[in-house]
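Please look through the model shown here, and keep the sequence at hand while reading.

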Protein chains: 2
Amino acid sequence: MTKKSKHPTLSEVAKKAGVGTTTVSRVINGVERVEPKTMARVQQAIQALGYMPNQAARVLKGHRTRTIGFVIPSIADPFFSNCAEVLQAIARSNDFLVIVLTTQNDSATERDAVNILTQHRVDGFVIAPADSESEALRSLLLRLPVPIVALDRPVAGALVPSVVANNFDGAQHATRHLIKHGYKRIVCLTGEINLYTIRERVRGYCDAIESAGLEPILETSIHDYESAEHVIKKLLHSPNPPDAIFTLKNRTTIDTFEALQKLGISIPKTVALVGYDDFQLAGTVRPAITVVQQPIYELGHVAAQLLFERLLSSPASGGSGVTSSPQQVQLKTRLIRRSSCGCSPKGA
Amino acid sequence: MTKKSKHPTLSEVAKKAGVGTTTVSRVINGVERVEPKTMARVQQAIQALGYMPNQAARVLKGHRTRTIGFVIPSIADPFFSNCAEVLQAIARSNDFLVIVLTTQNDSATERDAVNILTQHRVDGFVIAPADSESEALRSLLLRLPVPIVALDRPVAGALVPSVVANNFDGAQHATRHLIKHGYKRIVCLTGEINLYTIRERVRGYCDAIESAGLEPILETSIHDYESAEHVIKKLLHSPNPPDAIFTLKNRTTIDTFEALQKLGISIPKTVALVGYDDFQLAGTVRPAITVVQQPIYELGHVAAQLLFERLLSSPASGGSGVTSSPQQVQLKTRLIRRSSCGCSPKGA
DNA sequence: CTGAAAGCGCTAACAT
DNA sequence: ATGTTAGCGCTTTCAG
């Protein structure tokens, strides 16, 4: 059995088939004409030896690696794993591979990831920057000789094309919806305030609140269920308790809902709840939770498209991370009205 | 600005530093002694040029690629994305990269994936086989000259080490629990019956049912919410309706729960419900859903360990997919008793 | 301590 | 139509 055997090489195939290496190369790449007879002999040799071309050698000859790097905070996060799914599918349909590296939103880890991928000579990057404002990241990316697309969060300076959702709008819209329902004390539970997306959402919230002449109430200390429960308790027992809660990310929404339920607090009667990010069962729990839904699939899709446009247009391996007019795509979000905001289950 | 510039090479660094290529190679790999002065000059040149070693060239010299392939049905599936997260973390801590390829449980796609990864000369594989019984897959894997670990589903013949959960036990245990509650007509909603995991679970269910002298009722036609609702309706309106439902996978459990809720059927009064696979909010919806919980994190972790044991023990690049005693690790599941089975929310 | 030179497996001129 | 040959960027004897 051919277990421990190393990989056979092209010249071994050539020898076995009694032809030159060029000929073998030709039948593999199917480019130029080869006599049917010779071809058959070569293919037989390939079969017999179980030959598989060594990509490394091709790459060394100046060809691209046909791999792209995907640099994200976490692959366990449904948002990013869904993006990964579509990116992978599109990459594959173009005969490219995806290498995923996670950063936990840590800038140093992120820099390392980019460098590692560069050493592997990936042909392009899709990256969700840990820190959109980072000067270090920007200059690192700008000197890469391959196309890059920022996903979910832009890179400062707008020189890198990016595909992000309109976080400001999403949050503003949700907050206005709460205001229209008549809530006056709407507290915003933020999560990691250092992230671009969260900051944008906070801006949207504050804008809506202030335009309505209300007072913004920001609470940034929630990071898990325990802290959620603690904060909710504190808030609701305060002399001037909130009548609505707006949570800025998936996990926080769920923690908050669970805390509210455990504490026996009625939604939306005692406090209304609107969350950012849709999630499984959001429409099934009671009350069903009103959320801002992000176009996750589309984000991944557009990012992949943008990348491959560049990848496929630069024939050799050139292509630059910078284009004359890097596109900044901003996708719309959608407010899914369910019951937790005070809307009636069926109807307006 | 160094935008479009190609990558500088080692010999360019050498020239700039006024030394030989060997010396540069040495300071990069930090293996042999180099005069501090020379070293400084070289490192300066490296900095100045922004040099990054070309992995392809290293690989060609006979070194490993330090990449592993991860072949799974889908990366959007929380089960696999969580596995990917831990695999990636462990790989990275060993200075390895992970390339993810998805198969949608299609054997042809899977075969292609393995071949693509082989051409890229990955140093190892973690794979969740689309078809555990496939002779083709088995022989394909057995002739690979690199270590392989099967995840979640074994490869027929037990020659490939595998890390799977004890699906039989999990399902048997859950079914017995339902039987203990006194249910007599327990229907099993299966999902993709061609998968190893599902078949094992069906076996466990049938074993428990038959041991109790009951009649197994299998329903294999559910694949989305629509079909779930349809089947539930049909079942509950039949002359001899079930008094309990056992769903064999995550998505099916959720679809079933939603259908039951929409149809206004009381759980567990009218029908009890137990699901395979825990999920977000399973403990929060009303009633909270009793489930068989899989050790997802541990599965990924053990698989990664097994792979790296082999990877790290075969110094050069050898290592075989086959060992004298390929380990077949089977991990325990846990029945999480909540309310949907008839257990009282708090207490036994 | 350092350099020259031989390849790793493949492709692409250039011959034939 | 097919073979010969020169590298791609790097590591690694083998000398100096």
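The model is predicted. Chain A can be superposed on chain B with an RMSD of 0.1 Å, using a turn of 180 degrees and a shift of 0.0 Å along the axis. The two copies are therefore related as by a two-fold rotation axis. Both copies use the same surface, since 100% of the contact residues of chain A recur in chain B.

Within chain A, the domain assignment gives domain 1 (10–53), domain 2 (67–160 + 296–331) and domain 3 (167–294). Between domain 1 of chain A and domain 2 of chain A, the C-alpha centres are 37 Å apart.

Next comes the sheet. It is an open sheet of twelve strands with mixed pairing, in the order S11(A)-S5(A)-S4(A)-S3(A)-S1(A)-S2(A)-S2(B)-S1(B)-S3(B)-S4(B)-S5(B)-S11(B). Strand S11 (328–331) of chain A and strand S11 (328–331) of chain B are the edge strands, and each pairs on one side only. From one strand to the next, the twist averages 20 degrees.

Two of the pairings can be followed at residue level. In chain A, strand S4 (residues 148–151) and strand S5 (residues 162–165) pair in the parallel sense over two bridges. Here Leu151(A) stands opposite Val163(A) of S5(A). The other pairing links the chains: S2(A) and strand S2 (residues 97–102) of chain B run antiparallel and are joined by two bridges. Ile99(A) has Ile99(B), in S2(B), as its bridge partner.

What does each chain bring to the contact as a whole? There are 52 residues from chain A and 52 residues from chain B. On the side of chain A that touches chain B, at least two residues each come from helix H4 (55–60), helix H5 (78–93), strand S2 (97–102), H6 and helix H11 (250–262) of chain A. H5(A) gives the most to this side, with six residues. By type, the residues of the side of chain A that touches chain B comprise 23 nonpolar, 21 polar and eight charged.

Finally, consider a single loop residue. Asp123(A) lies in the loop between helix H6 (107–119) and strand S3 (124–127) of chain A. Is Asp123(A) buried or exposed? Asp123(A) counts as buried because it has 24 C-beta neighbours inside 10 Å, and the cut-off for a buried residue is 20 or more. In sequence Asp123(A) and Thr67(A) are 56 residues apart, while in space they are 5.8 Å apart, C-alpha to C-alpha.

Definitions and conventions:
Residues are numbered from 1 along each chain as its sequence is written. Chains are lettered from A and ligands numbered from 1 in the order in which they are written. This is a predicted model: local features need pLDDT of at least 70, side-chain atom pairs count only at pLDDT 80 or more; totals for chains, interfaces and linings use all residues. Two strands pair if DSSP finds at least two bridges between them. Helices (H or I, at least four residues) and strands (E, at least two) are DSSP runs, numbered from the N terminus. Axes are lines fitted to C-alpha atoms, for helices over the stretch in contact, and angles run from 0 to 180 degrees between N-to-C directions. Domain bounds come from an automatic or database domain assignment. Copies are superposed by least squares on the C-alpha atoms of residues with pLDDT of at least 70 in both. Two residues are in contact if their C-beta atoms, placed from the backbone, lie within 7 Å. A residue is buried if 20 or more other C-beta atoms lie within 10 Å of its own, exposed if 12 or fewer, and partly exposed in between; C-beta atoms are placed from the backbone. Ala, Val, Leu, Ile, Met, Phe, Trp, Tyr, Cys and Pro count as nonpolar, Asp, Glu, Lys and Arg as charged, and the others, Gly among them, as polar.
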